[in-house]
Amino acid sequence: MIEAELSRCVAAWCSGATGVTGAAKLSGGASQETWTFDIVHPGANIGAILRRSPSGYGAAPSRAAGLDAEATLMQLAHDAGLPSPKVLHVLRPEDALGTGFIMQRFEGETIARKILRDEQFAKARPKLARQLGGVLAGIHGLPASKLPKLRQVTATSEITDLEGEYRGFGRPRPVFDLALRWLRDHDPGPSREQTLVHGDFRHGNLIIGPDGVRAVLDWELAHTGDPMEDLGWICVNSWRFGEIDKPVGGFGSREELFAGYEAAGRRVDPDRARFWEVMGTLRWGVMCCGMMQRFRSGPDHSMERAMIGRRSSETEIDLLRLLAPRGN
Amino acid sequence: MQDEPIPTELIKAVADFLRNDIAPVISGHNAFKLRVAVNALDLVTRQLTLEAGSDAAEAARLARLLGMDGSLIELNRALSDKIAKGELDLETPGLAEHLWQTTMDKLAVDQPNYASYRRELGRKGD
């Protein structure tokens, strides 16, 4: 049982800890798991999260930054005063828990539909877009010299990557071809400024409380590149959950997001952000097709995954609304 | 000739049973999975009902647009190829309309409650 290993592990670095309790797996893919547990402490119990690759799993998929890099980035963000959990411990071989890290647990909500509809978030919603703009500016301002080794992404490399993935599925989707063509024709070239890019800054990876954003999670897709990528991705229609007239996560406007970003001392390039919104819409569409492939080829033969495969058409209508809008 | 009830009638009966009799008595992750299951059955019903008509219309549009005959997948492959090469684009008469109609027909099966689709349906008659 994992609590025995965790108890031994926390005793080594958390002074006064007498064990752990309430360990439960929150999510688990083939190569990564997330667990929640409490460190039992005479003062007060400490809520903690374990993110790990169990022993015996090989290299992470090529897009993933790796758990060591995730821990470094989370700690960097925390040290810079950004809403980010404190990293409590990076796993060592003697912990016998695989590779990964243990971090502070934040209470709050990550489920979009609750954040967008529940009364307890009514006061937070109108200020979230501006707040998140400020958080992104902080992330993009983290010192390059302290970043771990990360993938470098340009608009051109991303288009090539997406096209390769799409062609690999072997099934024609003319709207995706139209989007790829548009992206190639509008590729703005390398960004003048290369920064850290979170890579998956959207509902699900943001812990929200009644007071606003509490923590940014999941640096798995972090890389370096055009900072406007993060601003485009959070505007992708798929993260608006029905509130399609509020481009930022279904709760705010681009203007508020951009204002929060600029108030923190960074410049927005709206055209680049728009370009990355188109790219992001296509990316989610390709990811939905990937789910269908995984469903069919077996590693995760679940009904949920199969049904996500049928959501790629949602990104096709959103791409058409972006690239070939009809009327007003 | 197969007997009745036809597949859509059978699937609808099963979906109604799960929705009305089973959903109220289960909870937690299984309740979530049950909703996904019912959604899947509803999707299949919509596809069985709508697919033949929309596929025929799509094939006719493609044949006109491309000036060739073929199966639906061959025609779509040819269209994808021409768009990728820049031989057809949004300036091509009929292309935007074709892509819109095809996409609307997919959403009618996949996610008829998707907000972008509802919005575009409301544009009818523009």
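How many helices and how many strands does chain B have?

**Figure 1. Helices of chain B.** In this predicted model, chain B has five helices and zero strands. Read from the N terminus on, the elements of chain B follow the order α-α-α-α-α.

**Figure 2. Dimensions and packing of chain B.** The C-alpha trace of chain B spans about 55 × 40 × 30 Å along its principal axes. The radius of gyration of chain B is 19 Å, whereas a compact globule of 126 residues would have one near 14 Å. Of the 126 residues in chain B, 17% count as buried. Among the contacts in chain B with a separation of 6 or more, 46% join residues 24 or more positions apart.

**Figure 3. The contact between chain A and chain B.** Here 26 residues of chain A are in contact with 30 residues of chain B. On the side of chain A that touches chain B, at least two residues each come from helix 6 (174-186), helix 10 (303-309) and helix 11 (312-323) of chain A. Helix 11 of chain A gives the most to this side, with seven residues. By residue class, the side of chain A that touches chain B comprises eleven nonpolar, eleven charged and four polar residues.

**Figure 4. Confidence of the prediction.** Chain B has an average pLDDT of 95, and 98% of the residues score at least 70. Where pLDDT is low, the predicted coordinates should not be read in detail. For the model, the scores are ipTM 0.95 and pTM 0.94.

Key
Residues are numbered from 1 along each chain as its sequence is written. Chains are lettered from A and ligands numbered from 1 in the order in which they are written. This is a predicted model: local features need pLDDT of at least 70, side-chain atom pairs count only at pLDDT 80 or more; totals for chains, interfaces and linings use all residues. Two residues are in contact if their C-beta atoms, placed from the backbone, lie within 7 Å. Helices (H or I, at least four residues) and strands (E, at least two) are DSSP runs, numbered from the N terminus. Ala, Val, Leu, Ile, Met, Phe, Trp, Tyr, Cys and Pro count as nonpolar, Asp, Glu, Lys and Arg as charged, and the others, Gly among them, as polar. pLDDT is the predictor's confidence in each residue, from 0 to 100. The radius of gyration is taken over C-alpha atoms; the globule rule is 2.2 Å times the number of residues to the power 0.38. A residue is buried if 20 or more other C-beta atoms lie within 10 Å of its own, exposed if 12 or fewer, and partly exposed in between; C-beta atoms are placed from the backbone.
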